[in-house]
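Subject: Structure for your review

Dear colleague,

Please find below the structure that I am handing over to you.

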Amino acid sequence: MTDLRVYLTGERLDLPALNKALPDTETVGAVASFTGHVRGSDGLTALELTHHPAMTEPALRRIGEIALKRFALQALLIAHRHGRMAPGEPIVHIIAQAPQRRAALDAVAYTIDVLKTEAPFWKREWRSDNAIWIEPTITDQVEASQWLETET
Amino acid sequence: MRIELEFYGPIQDRMGGARQAAEIDGTPATLDALVAQLAQRLDGGDYLQADHLRIAVNDRLVDRNSKLALAEGDRIAFLSPFSGG
């Protein structure tokens with residue numbers, strides 16, 4: 001039995017509530033998680049994430065379904081913000097449950113690496129009234145491609 | 001035929017907004033043919049031919065050499081490289 005939860009929201013992510021969202025069963029041997037936050041630096045006042053109204057949630061779900069199968073997970077949660085966020089606010093939260101630690105850890109790495117380049121989100125950094133778009137970095141592309149090239 | 005164009009991400013700044021309508025001639029047989037026509041017609045349209053853009057037709061990603069069967073009012077979205085997480 002596998003369990004995929006995908007949350008796409010314009011509200012602040014409630015990390016304690018999300019951490020309790022997946023069922024606690026005796027067969028779970030490992031739980032791994034990743035949380036990405038807005039990094040405050042160089043006078044950043046806000047990070048704005050826009051998304052595609054129809055394509056983003058299905059893309060997250062597709063990434064999650066592949067991760068569930070590829071790493072033989074018991075459960076996976078992907079929660080992603082959109083909208084305007086202040087420095088320090090969580091942007092994305094991922095939790096993987098598996099019988100063994102390696103699967104849980106790899107699934108979290110896979111999900112965040114692939115999500116960065118395969119889910120339709122776009123970032124803008126705001127400093128006072130000035131905004132600049134943030135393009136994906138070469139590192140983002142390399143880290144995603146290491147998983148995607150071996151996808152079956 | 002009139003279609004709707006949508007621009008997501010940094011491409012919005014190049015194209016002057018998130019949406020615009022476009023009139024096209026005939027029925028382009030492939031996405032590439034449609035993009036070539038738009039490139040000629042729109043201000044800044046050359047940029048639409050950039051390889052790094054992904055394109056969706058009515059919210060479905062489509063390969064550039066895919067065959068098209070456009071209808072009045074179809075939505076063509078040009079998507080800048082994604083940067084989530």
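This is a predicted model: local features need pLDDT of at least 70, side-chain atom pairs count only at pLDDT 80 or more; totals for chains, interfaces and linings use all residues.

Residues are numbered from 1 along each chain as its sequence is written, and chains are lettered from A and ligands numbered from 1 in the order in which they are written.

Sheets and strands

Helices (H or I, at least four residues) and strands (E, at least two) are DSSP runs, numbered from the N terminus. Two strands are said to pair if DSSP finds at least two bridges between them.

Chain A contains an open sheet of 4 strands in the order β5-β3-β7-β8, with antiparallel pairing. Its edge strands are β5 (83–85) and β8 (130–134) of chain A, each of which pairs on one side only. From one strand to the next the twist averages 25 degrees (axes are lines fitted to C-alpha atoms, for helices over the stretch in contact, and angles run from 0 to 180 degrees between N-to-C directions). Within this sheet, β3 (residues 46–51) and β7 (residues 121–127) of chain A run antiparallel and are joined by 6 bridges. Leu49(A) stands opposite Lys123(A) of β7(A).

Strand β6 (residues 90–98) of chain A is mostly covered, with 8 of its 9 residues buried. A residue is buried if 20 or more other C-beta atoms lie within 10 Å of its own, exposed if 12 or fewer, and partly exposed in between, with C-beta atoms placed from the backbone. Strand β2 (residues 30–37) of chain A runs antiparallel to β6(A) and is joined to it by 8 bridges; Phe34(A) has Ile94(A) as its bridge partner. β4(A) is also antiparallel to β6(A), through 6 bridges, and here Leu77(A) is partnered by Ile95(A).

Chain B has an open sheet of 5 strands, ordered β2-β1-β5-β3-β4, with mixed pairing. Because β2 (19–23) and β4 (60–61) of chain B stand at the edges with a single partner strand each, one side of each is left without a neighbour in the sheet. Strands β3 (residues 54–57) and β5 (residues 75–79) of chain B pair in the antiparallel sense over 4 bridges, and Ile55(B) stands opposite Phe78(B).

Helix α2 (residues 56–70) of chain A has 15 residues and reaches 21 Å from its first C-alpha to its last, close to the 21 Å expected at 1.5 Å a residue (the expected span is 1.5 Å times one less than the number of residues). Its buried residues are Thr56(A), Ala59(A), Leu60(A), Ile63(A), Gly64(A), Ala67(A) and Leu68(A). An α-helix has 3.6 residues a turn, so residues three or four places apart point the same way. The cover over the buried residues of α2(A) includes β1 (3–9), β3, β4 (75–81), α3 (101–118) and β7 of chain A.

A nonpolar core is a set of buried Ala, Val, Leu, Ile, Met, Phe, Trp, Tyr and Cys residues joined through C-beta atoms within 7 Å. The largest has 48 residues, and those touching the most other members are Ala67(A), Leu73(A), Leu76(A), Leu77(A), Ile94(A), Ala96(A) and Ala107(A). α3(A) gives the largest share of this core, 8 residues.

Contact between the chains

Residues are in contact if their C-beta atoms, placed from the backbone, lie within 7 Å. The contact takes 21 residues from chain A and 12 residues from chain B.

His80(A) is found in strand β4 of chain A and counts as buried because 25 other C-beta atoms lie within 10 Å. Leaving out residues up to four places away in sequence, His80(A) touches Leu8(A), Leu60(A), Val92(A) and Gly84(B).

Two loop residues

Most residues other than glycine have a negative phi, and most peptide bonds are trans. Asp42(A), in the loop between β2 and β3 of chain A, has a positive phi near 55 degrees. Asp42(A) counts as exposed, with 7 C-beta neighbours inside 10 Å. Ser128(A), in the loop between β7 and β8 of chain A, has a positive phi of about 55 degrees. Ser128(A) is exposed, with 8 other C-beta atoms within 10 Å.

With kind regards

Key: Two residues are in contact if their C-beta atoms, placed from the backbone, lie within 7 Å.
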